Amino acid sequence: MMAGERFIDQYASALDVLTFNSKPIINQLTTMANENKAHATEIVEKIESRIKEVPPEQKLPSLYLLDSILKNVGSEYTTHFSKNIVHLFCHVFEKLSDPKSRLALYKLRQTWGSYFQVSKLAAIDKHIHDALDPNWPITASATGPKEAAIFVNPKFLESHEKRTADKVQTPAVQLPAAVQLPAVQLPAVQIPAVQLPAAVQMPSETPEVNQPSASQEEVSIGDKRKQLLEQQRQKKAEQKKALGINSSAEMKKALGIN
């Protein structure tokens, strides 16, 4: 067996492992395709054959492998995949009847605008719209320019969402009625009245005591001295009068004072 044939057998064996959508496996198979571009024709044939032969649940992962090689390797792989892409994509769409898978195919198809010719994409849209699902939107025009105008039919997405909603009916959950809590009667609390003491009567201001000032005391003493002197003078006058003495000299003589 030649080296090329041995590699193709190895690649086919690796493809058999891709039974579900596994990013590591798809990356490995993409890397192998990139490193062996000389066998691009055989690799494309193996991938296309697998997409047609595997059960419906394994078709979408193999189509994702085609998409990975198309976008990450390109070159001659794009040319080879273009030959049968219309038939291959429509085959997968026909076999996958569940809304979730068909919606995934729609999203995948919308990313191919710069990888396949507009005529190829228009052929996919027209065949699916006319033969498989009238709600499929026509997003490419076979007679238009390379960058095709987009005419999105919202009924396609709405119909698939409605089908999904019809299949998965969430049971209504009956919430229990609000729980009525019994009213709680709290005992009345009697707070005893507090008798505050009567207001304390403050004594009125202390009556002002008039204290004699020093000047008043001096005046009082002076008056007394004047009174004493006056009394003495009057007493002497009386004595003179009694003795009949009219002068101080006569007074001394009467008293025997020299």
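This report walks through salt bridges in a predicted model.

## How many there are

Let's start with the tally: the model holds 4 salt bridges.

Asp-16 pairs with Arg-50, and their closest N and O atoms are 3.5 Å apart.

Are the two partners buried or exposed? Asp-16 has 51% relative accessibility and is exposed, because the cut-off for that class is over 50%. Arg-50, at 9%, counts as buried because it falls under 20%.

## A pair within helix α4

Next comes Lys-71, whose side chain meets that of Asp-67 with an N to O distance of 3.0 Å. Both residues sit in helix α4 (residues 56–72), and their spacing of 4 residues is about one turn of the helix.

The surroundings of these two partners are worth a look as well. Lys-71 is partly exposed, with 31% relative accessibility, whereas Asp-67 is buried at 10%.

## A pair within helix α7

Finally, where do Lys-126 and Asp-130 lie? They are found in helix α7 (residues 118–132), 4 residues apart, which means that about one helical turn separates them. The salt bridge between Lys-126 and Asp-130 brings their closest N and O atoms to 2.9 Å. Both Lys-126 and Asp-130 are exposed.

Methods
Residues numbered from 1 in each chain as written. Predicted model: local features only at pLDDT ≥ 70, side-chain atom pairs only at ≥ 80, totals over all residues. Heavy atoms only, no water. Buried < 20%, exposed > 50% of the residue type's maximum accessible area, 1.4 Å probe, protein only. Helix = DSSP H or I, 4+ residues; strand = E, 2+ residues; numbered from the N terminus.
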